[in-house]
Amino acid sequence: IICLLCLLSILGISHAGLLLHKKVQTENLVIGQPIEIEYTLFNKEKQTLKDIDIFDSSFLADEFHPVEANNSYALLSPNQQINYTVKAIPKVEGELDLGAAKYTYQVQGKEGITHRGRSNKLQTLNIMSQREFILSSSWTFNEWGAMVLPFAPLVLLPMLLWLCFRSMAGKYRQASAPDTSSPTLKGKEKKSKSVKEEKTNKKSSKPKKKKRQMFCQVVIIWQQKEEVQVEVE
């Protein structure tokens, strides 16, 4: 700030002995909300300054609520810096211009000579409405929609396909599953069981019949041998 004040003095914005800098501290300027404006005084003389009076008439009654921006200091020592803050509440929205503040002072030991100067001029202030402030400082439905819509198909389509295939698979299983409650199916099941039992019984009875036939053949052959022996004798 001191370097900036020295630059202002070089440019002729302030008097060579006393530097006054004006700065807006509030970031978001909203109608009805206080705006903090900081004033910085710096005495770059080697002598003490006295009877310092600051006048700032840039806060018009049509644009701001009443503001007490004027201030006075009795003494300001060499290389001394003083900061003070004023709060201004805007009544209207849009662009507002705040002019430079003016001041007067005297040098101690050189009474009777009044020095005058002015501060820097602020840039145009853009006062937002309450709606503009809410839209700029928070996410709205439209903004969320603009972010979600491009990615919605990537998520919804696979889910919809999965649900469709799942429902189709369930219907196919229901159609292919036998209905055990119907009497016709029960009769078919009983018939199939009896057919299976008969087949197993037939398979098990076949070896027994073969054994009996072989035994009978052996007995017949033995009887024929005995008959042949008897005839020979």
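1. Strand 2 (residues 35–43) is mostly covered, with eight of its nine residues buried. Buried here means under 20% relative accessible area, with exposed over 50% and partly exposed in between (1.4 Å probe, protein chains only). Strands are DSSP runs of E of at least two residues, numbered from the N terminus.

2. A word on the ground rules. This is a predicted model, in which local features need pLDDT of at least 70 and side-chain atom pairs count only at pLDDT 80 or more, while totals for chains, interfaces and linings use all residues. Residues are numbered from 1 along each chain as its sequence is written, and side-chain values use heavy atoms, leaving out hydrogens and water.

3. Three strands form an open sheet in the order 1-2-5, with antiparallel pairing. Its edges are strand 1 (18–24) and strand 5 (81–88), each pairing on one side only. Two strands pair if DSSP finds at least two bridges between them.

4. Seven antiparallel bridges join strand 1 and strand 2; among the partners, Leu20 meets Leu41 and Lys22 meets Tyr39. Strand 2 and strand 5 are also antiparallel, over eight bridges, and here Glu38 stands opposite Thr85 of strand 5.

5. Which residues have the most contacts inside the largest nonpolar core? They are Leu18, Tyr39, Leu41, Ile52 and Phe59, in a core of 29 residues. Such a core is a set of buried Ala, Val, Leu, Ile, Met, Phe, Trp, Tyr and Cys residues joined through side-chain atoms within 4.5 Å. Strands that each supply at least two residues include strand 3 (49–55), strand 4 (71–76) and strand 7 (102–107).

6. Ile52 deserves a look of its own. Not counting residues up to four places away in sequence, Ile52 touches Leu18, Leu41, Asn71, Ser72, Tyr73, Leu76, Thr104 and Tyr105. Contact means heavy atoms within 4.5 Å.

7. Lastly, the aromatic rings: the whole structure has four aromatic pairs. Rings of Phe, Tyr and Trp (its six-membered ring) pair if their centres lie within 6.5 Å; planes under 30 degrees apart count as stacked, over 60 as edge-to-face and the rest as tilted. Tyr73 and Tyr84 are a tilted pair because their planes stand at 50°, with centres 6.2 Å apart. Tyr73 lies in strand 4 and Tyr84 in strand 5, so this pair ties together parts eleven residues apart in sequence.

Notes
Helices (H or I, at least four residues) and strands (E, at least two) are DSSP runs, numbered from the N terminus.
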